[in-house]
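Subject: A structure for you to explore

Hi there,

Here is the structure I promised to pass on to you. Have a look at it first, and then read my notes below.

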Amino acid sequence: MDQKDIENLRQDYNAASLNETDVDANPMRQFDKWFNEAINFKVHEPNAMTLATATHDGRPSARIVLLKGFNDEGFKFYTNYLSRKGKEISKNPLGALVFHWGDMERQIRIEGTIDKLDRDYSDKYFHSRPKLSQIGAVASPQSQEITSREELEQRMAQLEIEYADSTVPKPSFWGGYVLRPRLIEFWQGRSSRLHDRIVYKKTDNKNWKIVRLAP
């Protein structure tokens, strides 16, 4: 694609607005409102979110993961603890999330600290997943180099036979995390790039300060 064509890619946003008087005093209730609106709007995978982590010396990485729950505690997701993101979280618990719902001209940015979920909570969720997804989590040495696709498929097939008539035990290297937010930004696209950016900043363990940022 021609560089000039890329430079000229742009869209004027005019679907909605967002004002300080519109938002809930609690950012998690505001998130719940927007999340339900995304579901009703039939956004494709509204729970898909970018998770950014970093090494102990600040080298960042990011990937898409799926939100699997949220409450006043934070935003929950699951993964292999030995994956790249798992190793980075163990050394540097600071992380960030981004939800982008382009059809609604909305984005939510979240910053905070990441902790492991309780083991019982992870066990319960693991066994609620389809059995093949459970086996896939056991079969895949996530983020590690493998020799071929065939190696992975053979491992999967072996485990399908092994657990054909039994429960798949949750592996010790797999489980959940919760990102506990300290900052949440709700972004609503507006015309002429004068977007609305409403930010919640945590002031203590319970209270939030609401501010507007320039776009």
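Let's begin at helix H1, residues 3-7, where you will find Ile6. Please keep in mind that this is a predicted model. Ile6 has a relative accessibility of 38%, so it counts as partly exposed. Together with Met1 and Leu9, Ile6 makes a nonpolar surface patch of about 360 Å².

Next, a record to know about. An unreviewed UniProt entry lists residues 36-159 as "domain: Pyridoxamine 5'-phosphate oxidase N-terminal". In the model, that span is 33% helix and 35% strand, and its end C-alpha atoms are 38 Å apart.

Two residues have a backbone angle worth a look. Most residues other than glycine have a negative phi. Lys42, however, has a positive phi near 65 degrees, and Ser143 has one of about 75 degrees. Where do you find Lys42? Look in the loop between helix H2 (27-40) and strand E1 (48-54). Ser143 sits in the loop that runs between helix H5 (131-139) and helix H6 (149-162). Is Lys42 buried or exposed? Its relative accessibility is 72%, and because exposed means over 50%, Lys42 counts as exposed. Ser143, at 55%, counts as exposed too.

The largest pocket has a volume of about 270 Å³. Its lining consists of 15 residues, and those nearest the centre are Tyr78, Thr79, Arg129, Gln142 and Trp174. Strand E2 (60-66), strand E4 (74-80) and H5 each give two or more residues to this lining.

Finally, the salt bridges: the structure holds 17 of them. In one, Arg212 pairs with Glu20, with the closest N and O atoms 3.0 Å apart. This pair links distant parts of the chain, since Arg212 is in strand E9 (residues 208-212) while Glu20 is in the loop between H1 and H2, 192 residues away. Arg212 is partly exposed at 35% relative accessible area, and Glu20 is partly exposed at 35% as well.

Another salt bridge joins Arg84 and Glu88, at 2.9 Å from N to O. Both residues lie in helix H3 (residues 84-91), four residues apart, or about one turn of the helix. Arg84 is partly exposed, with a relative accessible area of 42%, whereas Glu88, at 5%, counts as buried. Elsewhere, salt bridges that share partners join Glu20, Arg190, Asp196 and Arg212 into one network.

A further salt bridge is formed by Asp57 and Arg59, at 3.8 Å from N to O, and both of these residues are exposed.

Enjoy exploring!

Conventions: Residues numbered from 1 in each chain as written. Predicted model: local features only at pLDDT ≥ 70, side-chain atom pairs only at ≥ 80, totals over all residues. Heavy atoms only, no water. Patch = residues over 30% accessible without salt bridge, like charges linked within 9 Å, V, L, I, M, F, W, Y side chains within 5 Å. Areas by Shrake-Rupley, 256 points an atom, 1.4 Å probe, with all protein chains shown as cover. Salt bridge = Lys/Arg side-chain N within 4 Å of Asp/Glu carboxyl O. Buried < 20%, exposed > 50% of the residue type's maximum accessible area, 1.4 Å probe, protein only. UniProt positions renumbered as here; feature names shortened; annotations may be inferred. 1 Å grid on protein atoms, 1.4 Å probe; cavity = no way out; pocket = protein on both sides within 12 Å on 5 of 7 lines; lining within 4 Å. Points joined across faces, edges and corners; volume = space filled by probe spheres on them.
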